[in-house]
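Here is a friendly tour of one structure, going from a sheet to a single residue and on to the core. Have your viewer open as you read.

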Amino acid sequence: MDTCGHLRLGSTVVSRQTPPGVRVFGVVSTDGTAGGLLPVDEEVSSWTTASGGVDRLWMVSSTVQEQLLFSAVPVDPPPLRVPGASRRSAMRLRICASDSAGKSVYEIDLGQSLELYTRSLNIDLLAPPGTVTVSDGPVVPQQGLVFHAQVGLRMLELEVSRGAREAFRTETVFIAAGQPAVQLVPAGAVRLLAFAEPLAATPVWRWLRAEPSPGTAIPIGQVTWDADAPRFETAVPSATHLRIEPAATDRTFTLVWTIAP
């Protein structure tokens with residue numbers, strides 16, 4: 001399946017049932033630090049519902065059990081010990097909803113439920129580059145902060161809402177000293193909760209509308225952190241980008257967007 005709505009070799013088609021789970025193996029960080037974080041942008045598995053003729057209420061639910069291990073040498077997938085597995089993951093779901101008004105694409109963290117009013121759903125599991133699915137055969141050993149995870153997905157048609165109207169999308173951004181960063185505001189984002197590590201100086205952030213190329217973006221608001229607070233929360237305006245201004249030291253920010261389609 002492509003980004004939105006076309007079946008691709010290896011996709012799983014489901015309708016009114018639970019799709020099969022998938023086990024994956026990959027690397028979160030090349031060196032176990034924030035500076036070595038890999039982007040979460042590779043499609044490793046996908047699912048789609050059979051196309052319907054009318055818009056309906058659907059609920060997308062996912063589960064994840066994940067083990068992490070740092071290794072300086074290539075290793076096989078670490079054992080997936082279910083009692084000790086985390087139910088949080090660096091991976092995400094990309095949900096493409098096709099309805100009578102067109103198509104919308106949202107990205108959310110695993111382990112949540114989200115309702116959408118749509119005719120059909122196309123869903124991709126996004127992971128760091130190099131992530132592979134684990135089957136009965138051997139996989140190529142990897143090194144760094146490696147992960148082994150079991151992901152489950154369910155797409156269910158609903159007659160009435162179950163109240164799953166919001167979900168979170170988390171991203172961690174490493175910014176080298178003296179460098180700015182421009183983050184795309186995710187589709188459907190209504191609130192932002194942000195964390196900083198370290199908070200040596202008060203960060204300055206600016207909301208932008210339009211592309212962030214010099215001379216084209218329109219500043220529509222500034223967010224200045226409280227120097228005594230390691231986090232802040234704010235509503236998201238009608239911005240397309242968030243610019244984080246440079247600082248004298250390396251910084252890591254974790255952005256938790258509330259997505260409300």
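Strands here are DSSP runs of E, at least two residues in length, numbered from the N terminus. Please keep in mind that the model is predicted.

S11 belongs to an open sheet of four strands, ordered S11-S18-S13-S16 and paired antiparallel. At the edges sit strand S11 (167–175) and strand S16 (231–235), each of which pairs on one side only. From one strand to the next, the twist averages 20 degrees.

The partner of S11 is strand S18 (residues 251–259); nine bridges join the two, and they run antiparallel. If you want a spot to look at, find Phe 174, which stands opposite Thr 252 in S18.

## A closer look at Ile 175

Is Ile 175 buried or exposed? Its relative accessible area is 2%, and buried means under 20%, so Ile 175 counts as buried.

Which residues surround it, once neighbours within four places in sequence are left aside? Ile 175 is in contact with Pro 180, Ala 181, Ile 244, Thr 249, Asp 250, Arg 251 and Phe 253.

In soluble globular proteins, nonpolar side chains tend to be buried together. In this model, the largest nonpolar core has 48 residues, and Leu 93, Leu 125, Trp 205 and Trp 257 have the most contacts inside it. Strand S10 (residues 142–158) gives the most to this core, contributing five residues.

Note on methods:
Residues numbered from 1 in each chain as written. Predicted model: local features only at pLDDT ≥ 70, side-chain atom pairs only at ≥ 80, totals over all residues. Heavy atoms only, no water. Core = buried A, V, L, I, M, F, W, Y, C linked by side-chain atoms within 4.5 Å. Buried < 20%, exposed > 50% of the residue type's maximum accessible area, 1.4 Å probe, protein only. Pairing = 2+ DSSP bridges. Axes fitted to C-alpha atoms, helices over the stretch in contact; angles between N-to-C directions. Contact = heavy atoms within 4.5 Å.
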